[in-house]
Amino acid sequence: MTFKLPTPRGTLTPDRPLDSLTWLRVGGPADWLFQPADDQDLATFLAALDPQVPVFPMGVGSNLIVRDGGIRGLVIRLGRSFNGITIEDDRVTAGAAALDAHVARRAADAGLDLTFLRTIPGSIGGAVRMNAGCYGSYIADHLIEARAVTRDGRQITLTPADLNFTYRHADIPDGAVITEAVFQAGKGDPDALHQKMADQLAKRDATQPTRDRSAGSTFRNPAGFSSTGREDDSHDLKAWSLIDRAGLRGHSWGGAQMSEKHPNFLLNTGAATAAELEALGELVRRRVLEESGHDLQWEVIRIGDPLPDGEDPHNVQVFG
């Protein structure tokens, strides 16, 4: 990008490789990575930014494939000034950079039940954007309001009606950055809530490849809802079941692999490129469509440009 960028109080880094910022550890550089000092710094910067510059808000990279050629434009990543958690009565206010698991634990300490967040990877901003959920509970069930900065620098408040939540989706203005969310939670005994989360973690660790390099669930469930965790939960239209029936549990492509433990988890076994991960995912989609007639939709966000033919993504410099 040849555009002149405003000077922020936060950190603005050119040509920043993004592989070290994603859980799958792949991805080329962003033209610019912006880490704002606070919400006013973010608003002032975006208000002054040339409207032709594309903007991509990035959380902790837990649900993301950045392609090997990187991202043209500005990537915004919120830091410590956006990870505060405060509790008053039955309401929990969390900064967009606060980890879902931390919010669940802090709420439980105060006797408030947001336990469904404990096993969801990522941060609150991404959870709102994706209407994250599990065990029958979703962000939509608890959100009172979310605060955001728009692409043109306005600070706005979004209600559940504005967000129009559906399965794995919220209507967020293009280029807007979620900065904070307010949740309402039911009350419970702190010890019981912590035990509930411990049980959920044990169940997750027994069924998912939590020690491997993944981005969580790769595809949305055609059933249109997350696993409930109940005994009567049907698996017929769960993505993992369709992938398994197509014979793709453990299937690999280069350094990418569908997990043996949970076939809806796409893994980087150590040296995968973004192109290999995406190619394996598309192979899975084709095979499942052929075998069952179901067109799996990506849950993992894929963004950026592929490398030009002949370039080696392993030669991209890594910062830090």
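Which residues does threonine 93 touch, not counting residues up to four places away in sequence? They are Gly84, Ile85, Thr86, Arg147, Glu180, Ala181 and Val182, where contact means heavy atoms within 4.5 Å. This is a predicted model: local features need pLDDT of at least 70, side-chain atom pairs count only at pLDDT 80 or more, and totals for chains, interfaces and linings use all residues. Residues are numbered from 1 along each chain as its sequence is written, and side-chain values use heavy atoms, leaving out hydrogens and water.

**Threonine 93**
- Threonine 93 sits in strand β7, residues 91-95. Strands (E, at least two residues) and helices (H or I, at least four) are DSSP runs, numbered from the N terminus.
- Its relative accessibility is 18%, so threonine 93 counts as buried (under 20% relative accessible area, 1.4 Å probe, protein chains only).

**Helices α2 and α5**
- Helix α2 (residues 100-109) packs with helix α5 (residues 190-207) at about 155°, axes 8 Å apart. Axes are lines fitted to C-alpha atoms, for helices over the stretch in contact; angles run from 0 to 180 degrees between N-to-C directions.
- That makes α2 roughly antiparallel to α5 (over 145 degrees).
- Ala104, Arg105, Ala108 and Asp109 of α2 meet Pro190, Leu193, His194 and Met197 of α5.

**The open sheet**
- An open sheet has 4 strands in the order β15-β18-β17-β16, with antiparallel pairing. Strands pair if DSSP finds at least two bridges between them.
- β15 (214-217) and β16 (252-253) are the edges, each with a single partner strand.
- Strands β17 (residues 256-258) and β18 (residues 265-268) are joined by 3 bridges.
- Methionine 258 stands opposite leucine 266 in β18.
- Helix α7 (residues 274-292) packs on the sheet, touching β16, β17 and β18.

How values were computed: Buried means under 20% relative accessible area, exposed over 50%, partly exposed in between (1.4 Å probe, protein chains only). Angles under 35 degrees count as roughly parallel, over 145 as roughly antiparallel, 65 to 115 as roughly perpendicular and the rest as oblique.
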